[in-house]
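Here's a quick briefing to go with the structure. Have a look at the model first, then work through the points below by topic.

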Amino acid sequence: MQEELNILIQAQYPLIYLVTSEEDRAERTIANIAQMKQHQKRVFIWTVTHGIIEYGQPRHVTQHNTVSSEAAIEWVIRQRDPGIFIFKDLHPFLDSPVTTRWLRDAIASFKGMQKVIILMSPVQHIPIELEKELVVLDYALPDLAELNQVLSAQLEQTRTRRTTTETREKLLKSALGLTRDEAEKVYRKAYVKTNRLSETEVDIILSEKKQLIRRNGILEFIEEDETIDSVGGLEELKRWLHQRSNAFTERAREYGLPQPKGMLILGVPGCGKSLIAKTTARLWGLPLLRLDIGRVYDSAVGRSEANLRNALKTAESISPTILLIDELDKAFAGSAGSADSDGGTSSRIFGTFLTWMQEKTSPVFVMATANRVERLPGEFLRKGRFDEIFFVDLPNQEERKEIFKIHLSKRRREITRFDLEQLGKVSDGFSGAEIEQALVAAMYDAFAQDREFTQLDIIAAIKATQPLSRTMTEQVTALRDWARQRARPAAASVAEYHRLEF
């Protein structure tokens, strides 16, 4: 980041937009650049509360009458000496035609002069008048080297004795994705709770880290107790996932394998798509983050796109990780025609996400699920966006038997009294979720009568249920017809996948 910023300043870019919430850290970086031999510039900082103050000077040593944004920019234009001028949180004022015009005047006056304005804000908001005039930089979160400085300072402050290389590595990786200040706080908290910083405190740091990431309300840590063996059937999909369980290791890179991009799981509702996504995290030993697209939207102009960029940046910073987007068809439905309904916000968010998927180099594996393929924008389905598109059909008889066995075993130690063969037959057309609900309904009936539930109770509950495959026959048939030529079957038997009867 420092190198890129240095190049832009040296190349006399007049206006730079630095997107960051870490003001102190970004200021130190800019001050370091200003002191380099090729620059030797003074640094000034503007805030709406204090006006313009030279970096390193007390707050009361301010330039007079520079609190308003227009007066501050005019003051910058009048300066004849080289300088870097940081404007903090100017974005609310950029909707003012006067402020925008002053910025454009400043850009014109900077030609041939060693002066640059840096707009520093956690929110990216660029008026159309300035789109061609500035360059946008996202200030990266601390890497392992910088976190190592934070950890070393904390160890020295707490007079902790030397730690092993392995312990230090775990403590550092557990803090990836946090700002420098957040990392300092979680290290202090871990020390306060246990009076030490060792490998055993990693769980404390991870727990606090989850809370910090959940604060924005867009990304959510998902912890799943179930393993992939809890998913009935889908053997072809499981085999594909098992093959890639070590795909993010250095050994895979040395072998010459590229990092997996992601997978899209299409299928009938209730057939285990979301559960597969959640249990893959345990299989691969990676953290699982869920991205809620609905929470990305914000009424403020430009805020929605900034929310998505920040969420994706956070996911990248703690990679390797799995990013789950449930019901992708609902998340991006209607994005193509959003100009009339929301001013094009949905289209811009959709474009931002597609560009990120295409260009990302960080090991973030996107697992997306969808029920209605006709609602998905075609751009998601083209080759190269996902590594594979799987179709999850209704379970066949053998898979239904396995699903019954899994759910019965969760609730009773001894299940030999149940005829799984019969249960598999009478539940034809049922999804995995419908099978579970039929079993729960049978247990409630028996519980209300103060007795143990039986095979007949389950059969009665099944016969009382109309599965989705019968109430929405046309939709399920259309989905199967689409998937036959365009997706890979998740079940082991391709012949079973091609059947059309329920």
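The largest pocket is lined by 34 residues, with G285, L286, P287, I318 and P320 lying nearest its centre. A pocket here is an open set of points on a 1 Å grid over the protein atoms alone, where a 1.4 Å probe fits, with protein on both sides within 12 Å along at least five of seven lines; lining residues have an atom within 4 Å of a point. Bear in mind that this is a predicted model: local features need pLDDT of at least 70, side-chain atom pairs count only at pLDDT 80 or more, and totals for chains, interfaces and linings use all residues. Residues are numbered from 1 along each chain as its sequence is written, and side-chain values use heavy atoms, with hydrogens and water left out.

**The largest pocket**
- Its space comes to about 950 Å³, a volume being what is filled by probe spheres set on grid points joined across faces, edges and corners.
- Elements giving two or more residues to the lining include helix 8 (202-214), helix 11 (273-284) and helix 12 (303-317); helices (H or I, at least four residues) and strands (E, at least two) are DSSP runs numbered from the N terminus.
- By class, the lining has 15 nonpolar, eight polar and eleven charged residues; nonpolar means Ala, Val, Leu, Ile, Met, Phe, Trp, Tyr, Cys and Pro, charged means Asp, Glu, Lys and Arg, and the others, Gly among them, are polar.

- Seven strands make an open, mixed sheet in the order 7-9-10-11-8-12-13, where two strands pair if DSSP finds at least two bridges between them.
- Strand 7 and strand 13 (488-489) sit at the edges with a single partner strand each, so one side of each has no neighbour in the sheet.

**E388**
- E388 belongs to strand 12 (residues 388-392).
- At 18% relative accessibility E388 counts as buried (under 20% relative accessible area, 1.4 Å probe, protein chains only).
- Its side chain makes a polar contact with that of R488 at 3.1 Å (N or O atoms within 3.5 Å, one able to donate a hydrogen and the other to accept it; residues adjacent in sequence count only if both atoms are side-chain atoms).

**Strand 5**
- Seven of the seven residues in strand 5 (residues 115-121) are buried.

Note on methods: Buried means under 20% relative accessible area, exposed over 50%, partly exposed in between (1.4 Å probe, protein chains only).
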